[in-house]
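Okay, everyone, thanks for coming.

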There are 2 protein chains.
Amino acid sequence: MTTVREIRLKSRPRGVPTADNFELASVDLPPPGEGEVQVKNLWMTVDPYMRGRMNDVKSYAPPFALGKVMDGGAIGEVVASNSPALKVGDLVQSGFGWREGFTTGADKVQKLDPRGLPPQAFLGAAGMPGLTAYAGLLRIAALKDGDVVFVSGAAGAVGSMVAQIAKAKGHTVIGSAGGAQKAAFLKEIGVDHVIDYKAEKDLSAALAAAAPDGIDVYFDNVGGEHLEAALNSARLFARFAICGMISMYNAVEPPPGPRNLAQLIGKNIRMEGFIVSHHFDMMPKYVEDLSGWVKAGKVTWKETVVEGIEKAPDAFIGLFSGENLGKMLVKLA
Amino acid sequence: MTTVREIRLKSRPRGVPTADNFELASVDLPPPGEGEVQVKNLWMTVDPYMRGRMNDVKSYAPPFALGKVMDGGAIGEVVASNSPALKVGDLVQSGFGWREGFTTGADKVQKLDPRGLPPQAFLGAAGMPGLTAYAGLLRIAALKDGDVVFVSGAAGAVGSMVAQIAKAKGHTVIGSAGGAQKAAFLKEIGVDHVIDYKAEKDLSAALAAAAPDGIDVYFDNVGGEHLEAALNSARLFARFAICGMISMYNAVEPPPGPRNLAQLIGKNIRMEGFIVSHHFDMMPKYVEDLSGWVKAGKVTWKETVVEGIEKAPDAFIGLFSGENLGKMLVKLA
C-alpha cells in the first residue's frame with residue numbers, strides 16, 4: 001500500500017482564492033487490479049481556467065466537488081503495472097493532477113513519448129497551452145500575411161506561445177504584460193512592441209502608440225481594459241480570438257464590459273471565444289510545426305516551478321497576481 | 001429655375017438629436033447641363049446609422065458637414081434630362097436624400113425598375129435594410145437548419161425582415177420589441193415568441209423563458225441589455241450578427257458593455273459586426289429570394305410614413321424613441 005497526498009477543495013472561494021479554500025489530505029492507493037496501473041506524478045499544472053471550476057456553476061468543465069480531490073493535467077511515471085499496455089518506467093499524461101499518485105485503468109492515461117523535450121513541456125508549450133495559442137491564432141483569428149498581432153498576457157503560458165508563433169510566421173507583434181521582468185522576457189523572445197500595462201495610465205493610448213496603423217488580430221487572455229484598447233485600435237475586418245479574461249475570473253460582481261463594443265459594427269470585427277478541447281484535431285500539425293520552430297531557435301519558453309504538492313494552492317493563487325513568467329508548474333517528484 | 005427645400009445640419013447633437021440641430025433651407029436648382037438630370041425626390045429614408053454621421057468622428061460613413069445639406073437614400077423621378085441614359089418620368093435611386101430635388105450627373109443615380117413593388121420598398125424591405133437582414137442572417141450568422149433565432153428591434157425595418165426570413169426558412173424565432181402595438185405586429189408576422197421588453201423587468205429571464213433550450217443565432221439591433229440576455233441564453237457555438245446598437249447611439253458617455261462577455265469563451269460564441277455595404281454582392285440573390293417569399297405570402301412589411309421634408313428631422317428623431325413600426329420613411333411628393 002502506498003500513501004500519497006492530494007489537494008481537495010475545502011470551500012468555494014468568493015473573489016480571489018485563498019489557502020483556506022484548499023485542504024491537503026493523505027490517501028492510500030490500492031495496488032493495480034487487472035488492467036490497471038499505479039502512477040507516481042512528476043508534474044502537475046495549474047491553469048487560470050480552474051478558477052471557474054471552483055464555482056458551483058455549470059460551464060464547459062464541470063465544477064470541482066467540495067471535499068473531493070481536484071483534478072487537472074499531470075505527467076507521471078508508471079510505478080506498478082497490471083496491464084500489458086504500460087510497463088514500469090513509462091511516462092504517462094493524465095487528467096489526475098492535484099495529487100502525488102493514483103491507481104487507475106491503463107486506458108485512462110496516455111503514454112507519453114517526450115520526443116527529446118522535457119516531459120513537463122507537455123503541460124505547457126507542447127501541450128494544451130501551446131495548442132491553445134496555435135488554434136487561436138491560426139483557426140479562430142485566421143491569421144493571414146501582413147496581420148499586425150496584439151496579445152495580452154503575453155508573458156504567460158499561452159500568451160508567450162502566441163507571440164512567438166506570430167513572430168515565427170513573420171508578423172509584427174505587440175505584447176502586453178505586467179512588470180519589468182516580464183517586459184524584458186517579451187523583448188528577449190522578439191516581441192516588437194512591449195507594453196508594460198502596470199506602467200501605463202492609458203492602455204488605449206499605449207496600444208495606439210505601439211500600433212499607429214492599428215491591429216488586425218487580437219489574442220485576448222485578459223479581457224476588461226485590454227479588450228477595450230484592442231477595439232479602439234482594431235482595423236477593418238480585425239479578428240479577435242477570445243481565449244481568456246483573467247481580469248474577470250475572481251470578480252465577485254462581474255465588472256462591466258467594454259464601452260466601445262459598438263465598434264464591432266463599423267469595423268466589421270469578428271470576436272470569437274474558444275476552448276482548446278474543440279481543436280485537438282490540430283495537435284499533430286502543431287507538434288510538427290513546434291518541433292521545427294524549436295529546432296530553428298524561433299520558439300522557446302519559460303517555466304515558473306513550485307515544488308511539492310503542498311505548494312500547489314499557492315502556485316494556483318499566484319496565477320492571479322501574475323507571479324508566473326511562462327508556464328506555472330508544480331514539481332511533485 | 002426650380003426652388004427646392006433641403007435639411008441642413010445646423011449643430012451637432014449631444015445625446016438625442018433635437019429639432020434645433022436641423023435647419024430647413026431653400027435652394028435654386030440649376031437646369032441640367034450636358035449629361036445631367038434634374039430629379040424630384042418622392043421618398044427619402046431616415047436610418048439609425050445616420051446618428052453616427054452627426055458626430056464629428058471618422059467612421060465607416062463620413063460625418064455630415066455643419067451648415068451643409070445632409071444626405072442618405074432617396075427615390076425620385078427624373079423631371080428634366082440632358083442625358084441619353086435617363087428620360088423624364090424614369091424612377092431613380094440615389095444618395096441625395098434630405099432634399100426635395102437635385103440636379104446631378106446621370107451617372108450619379110441608379111435607374112430603378114420597381115418590379116411590381118411600390119418604389120419606396122427599395123428604401124426598406126427590398127433595399128439596404130432588407131439586404132442587411134439577409135446578409136446578417138445568412139452570411140454573418142451562417143444560419144443553419146435547426147437554429148433558434150433571437151432578434152432584437154424585431155419590429156423595425158431590419159428586424160422585421162430578419163424575423164420573417166428566419167421564419168420563411170423554417171426556424172423558431174424569438175423577437176423583442178417595445179410596446180403592445182409592435183408585439184402584436186410580431187405575432188402577425190409569425191414570430192414564435194414575442195418579448196415586449198418595455199413590459200419586462202428582467203430581459204434575461206424573459207429570453208430564458210421564451211427559449212428554454214437556448215438560442216443559436218442572435219441578430220443584434222439594440223446592444224446593451226439585449227446583448228447581455230443573448231449571451232446568457234446562447235448555446236455552444238452560437239453566432240451573433242452585430243448589426244446595430246441603437247441603445248447606445250445617443251449616449252453622451254457610452255454605457256458599459258455586457259458584464260457576461262466571458263461567456264464567449266466557454267460557449268465558443270462568435271460575435272461579428274458588419275456593415276451591409278460589404279455585402280452588396282448578395283443583392284441579386286436576395287431580390288430573387290425576396291420576390292419568392294413575397295409571392296408565397298411569407299414576407300410582408302410595414303411602413304411608418306411622415307409627409308414633407310420639414311418633418312424629416314422629427315421622423316429621424318422618432319427612430320430613437322421607437323416611434324416607427326417597420327420602415328420609417330419621409331414622403332416628399
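Predicted model: local features only at pLDDT ≥ 70, side-chain atom pairs only at ≥ 80, totals over all residues.

Who's touching whom? On chain A, 30 residues are in contact with 30 residues of chain B. If you sort the chain A side by residue type, you get 21 nonpolar, six polar and three charged.

How many salt bridges does the rule find across this interface? Zero, for chain A and chain B. Polar contacts are another matter: there the rule finds 10 residue pairs, both residues at pLDDT 80 or more.

Now, which elements give two or more residues to the chain A side? Those are strand E12 (234-242), helix H7 (263-266) and strand E13 (270-273) of chain A. E13(A) gives the most, with four residues.

E13(A) pairs with strand E13 of chain B, residues 270-273, in the antiparallel sense over three bridges. Within that pairing, Arg270(A) has Glu272(B) in E13(B) as its bridge partner.

Rotate by 180°, with 0.0 Å of shift along the axis, and chain A superposes on chain B with an RMSD of 0.0 Å. The two copies are therefore related as by a two-fold rotation axis. Both copies use the same surface, too: 100% of the contact residues of chain A recur in chain B.

And if you want to find that axis on the screen, look for Gly257(A): of the chain A residues, its C-alpha comes closest to the rotation axis, at 2.0 Å.

Definitions and conventions. Residues numbered from 1 in each chain as written. Chains lettered and ligands numbered in written order. Heavy atoms only, no water. Least-squares fit on C-alpha atoms with pLDDT ≥ 70 in both. Contact = heavy atoms within 4.5 Å. Salt bridge = Lys/Arg side-chain N within 4 Å of Asp/Glu carboxyl O. Polar contact = N/O pair within 3.5 Å; in protein donor to acceptor, adjacent residues only side chain to side chain. Nonpolar A, V, L, I, M, F, W, Y, C, P; charged D, E, K, R; others polar. Pairing = 2+ DSSP bridges.
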